[in-house]
There are 2 protein chains.
Amino acid sequence: MKLLLISNSTNYGEEYLHWPKPFISDFLNKFRVKKVLFVPYAGISLSPLGLKESYDVYEKRVQEVFKSLGFEIYSIHRQSHPIRAVMEAEAIAIGGGNTFHLVYCLQKRGLMSAIREQALHGIPYLGWSAGSNVACPSLMTTNDMPIIQPSDFECMGLVPFQINPHYLDKNPEGHGGETREARIEEFIILHPRIPVVGLREASLLEVIDDKMVLKGSRAMRLFQFGNLPCEFAPGSDVSQLLKPIN
Amino acid sequence: MKLLLISNSTNYGEEYLHWPKPFISDFLNKFRVKKVLFVPYAGISLSPLGLKESYDVYEKRVQEVFKSLGFEIYSIHRQSHPIRAVMEAEAIAIGGGNTFHLVYCLQKRGLMSAIREQALHGIPYLGWSAGSNVACPSLMTTNDMPIIQPSDFECMGLVPFQINPHYLDKNPEGHGGETREARIEEFIILHPRIPVVGLREASLLEVIDDKMVLKGSRAMRLFQFGNLPCEFAPGSDVSQLLKPIN
């Protein structure tokens, strides 16, 4: 498998998709990819005119960034045969937004299993935020609001652990509720065999075959049942997480 | 109906359930309540020993606060006939924690409809955080992590709008993702007939029959499709929100 699982598109105050550019470029060039099929279904509020228009805006925004790197983006929402488009894609990119809406759309259109199959067959897959969440066993460690009910929480399971994108160490000022860590620990209580990677902004996991490396500029925080959370520095080989816990 | 829908149990740096004490006391005394049936299913990480022990700890914590106000708390997780306990309760309180786990348990045990029926018949209902979310049409505007899949997102619909508890105006420092407002706007796009109340910490909604008042020390922010968000000061009569939008 060839996966680039990115925590977030954009760091605070930076341009859209700025920080991951060199990683995206390096990843796609490694496999001589030229054209990337884009999945915009997580982005629903980019245009006041409706969902179709929101996807158009999203495609254009991503197109501009990828074009500057020498890659062509074309969106699945404009394809008359979306499943066929997945089966014929050179590479697939799933953008961030709302994970529940993304999962709802992927399941409804039969795309979850089609994309999964292609990724398992070695088609390069890249995702950011919600697009990284759906590569996990389920959507269960998203931070997003459940604005629509998908038929199932199950996702692609390309990796056997969960990612919590945009992982944050602290609560916002004045917030008396649970921290992110407390929320992830709730998950671990119910699912002791599924580790959770807290992927901070400006970091990503690159998977090539049986090797996984943390890239970017921030450490990741690993949560496992029965252990204290532990940290891995950027550049760490974290391939051991690719083996499911029995 | 008699509802006390509280944003949060505890303000940052304060003791557990400190700020809502006078409101809880006033609400329960108004209806001469002495004993309150407590629902602890949102609280799953209060003991390392397991769920049952977590509920025990939760019951005790809430018991102490209510006892200091002159009310008795007894938890549903210790009742051999939970639905009967609901049908015989003088008043019902649902505590915060994880909304998905709460909804999962309420649906699985047939308690969602039993509690709904009792609340519709005038049994005083109070909830905080997740306990306020489940009084709404669905769980869809919770901030909690989806750590378990409930059979349905549908909740009690005691009010025809959604509450977003712990409503926050700003993103945490350095967070490049969507703001809370942006998330709520995503919900409104998909559900234009359901308004959302952003209920800031230290505030609550009290419903008595056809009257609803915002209480506490913070303004609430109302989101409605096609309108700019607007603010209501503490003490505002917001009864107009009890009428469903056709």
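## Where chain A meets chain B

Between chain A and chain B there are two salt bridges, a salt bridge being a side-chain nitrogen of Lys or Arg within 4 Å of a carboxyl oxygen of Asp or Glu. In one salt bridge, the side chain of Arg183(A) meets that of Asp144(B), at 2.8 Å from N to O. The elements of chain A that give two or more residues to the side touching chain B are α4 (99-108), β6 and α7, and α7(A) gives the most, with seven residues. Helices (H or I, at least four residues) and strands (E, at least two) are DSSP runs, numbered from the N terminus.

In total, 41 residues of chain A are in contact (heavy atoms within 4.5 Å) with 41 residues of chain B.

## How the model is described

This is a predicted model, in which local features need pLDDT of at least 70 and side-chain atom pairs count only at pLDDT 80 or more, while totals for chains, interfaces and linings use all residues. Residues are numbered from 1 along each chain as its sequence is written, chains are lettered from A and ligands numbered from 1 in the order in which they are written, and side-chain values use heavy atoms, leaving out hydrogens and water.

## The sheet of chain A

Four strands of chain A form an open sheet with mixed pairing, in the order β6-β7-β10-β11, where two strands pair if DSSP finds at least two bridges between them. Because β6 (162-167) and β11 (230-232) of chain A stand at the edges with a single partner strand each, one side of each is left without a neighbour in the sheet.

Strand β10 (residues 220-223) of chain A runs antiparallel to β11(A) and is joined to it by three bridges, and Met220(A) stands opposite Phe232(A) in β11(A).
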